[in-house]
Amino acid sequence: MMLMELLRLAEQSDVETREMQSRRLTARVMRARQREERRAERALMELAWSRLC
């Protein structure tokens, strides 16, 4: 269940990122968004690995 929630967050983040890029965000905001996406991806991978163990 948590895996699906993380996948939904990642998908939502992708859509939001494209919308924000079209509005020409500042570099600082874009870097913050990318950090947030990387954290979500790492959490997703950790969850996947923990389920394998």
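Guide: The model is a predicted one. In it, the side chains of arginine 33 and glutamate 36 meet in a salt bridge, with a distance from N to O of 3.8 Å.

Visitor: How many salt bridges does the count come to?

Guide: Side chains of opposite charge can pair when their charged atoms come close. Arginine 33 and glutamate 36 are such a pair. By the rule applied here, the count of salt bridges comes to 1.

Visitor: How are arginine 33 and glutamate 36 placed relative to one another in helix H2?

Guide: Arginine 33 has its place in helix H2. Arginine 33 and glutamate 36 are 3 residues apart in that helix, so their separation is about one helical turn.

Visitor: Is arginine 33 buried or exposed?

Guide: A residue counts as buried when its relative accessible area is under 20%. Glutamate 36, with 40%, is partly exposed. Arginine 33 has a relative accessible area of 14%, and therefore it is buried.

Visitor: Which residues does arginine 33 touch, not counting residues up to four places away in sequence?

Guide: Contact here means heavy atoms within 4.5 Å. With residues up to four places away in sequence not counted, arginine 33 touches Ser13, Glu16, Thr17 and Met20.

Visitor: Why does glutamate 37 have no salt bridge?

Guide: Glutamate 37 is found in helix H2, which covers residues 27–52, and is buried. Leaving aside neighbours within four places in sequence, glutamate 37 is in contact with Ser13 and Thr17. A salt bridge needs the nitrogen and the carboxyl oxygen within 4 Å. The nearest side chain of opposite charge is arginine 33, so glutamate 37 has no salt bridge because that distance is 5.3 Å.

Visitor: Which residues form the positive surface patch?

Guide: Members of a patch need over 30% relative accessible area and no salt bridge. Arginine 38, which lies in helix H2, counts as partly exposed at 41% relative accessibility. The positive patch is formed by Arg28, Arg31, Arg35, Arg38, Arg39 and Arg42.

Visitor: How far apart in space are arginine 8 and alanine 27?

Guide: Arginine 8 has its place in helix H1, residues 2–22, and is exposed with a relative accessible area of 55%. Arginine 8 and alanine 27 are 19 residues apart in sequence, and from C-alpha to C-alpha they are 25 Å apart.

Visitor: What distance separates the C-alpha atoms of alanine 43 and arginine 28?

Guide: Alanine 43 is found in helix H2 and counts as partly exposed at 31% relative accessibility. Alanine 43 and arginine 28 are 15 residues apart along the chain, and the separation of their C-alpha atoms is 23 Å.

Technical notes:
Residues numbered from 1 in each chain as written. Predicted model: local features only at pLDDT ≥ 70, side-chain atom pairs only at ≥ 80, totals over all residues. Heavy atoms only, no water. Helix = DSSP H or I, 4+ residues; strand = E, 2+ residues; numbered from the N terminus. Buried < 20%, exposed > 50% of the residue type's maximum accessible area, 1.4 Å probe, protein only. Lys, Arg positive; Asp, Glu negative; His and termini not counted. Patch = residues over 30% accessible without salt bridge, like charges linked within 9 Å, V, L, I, M, F, W, Y side chains within 5 Å. Areas by Shrake-Rupley, 256 points an atom, 1.4 Å probe, with all protein chains shown as cover. Charge placed at Lys NZ, Arg CZ, Asp CG, Glu CD.
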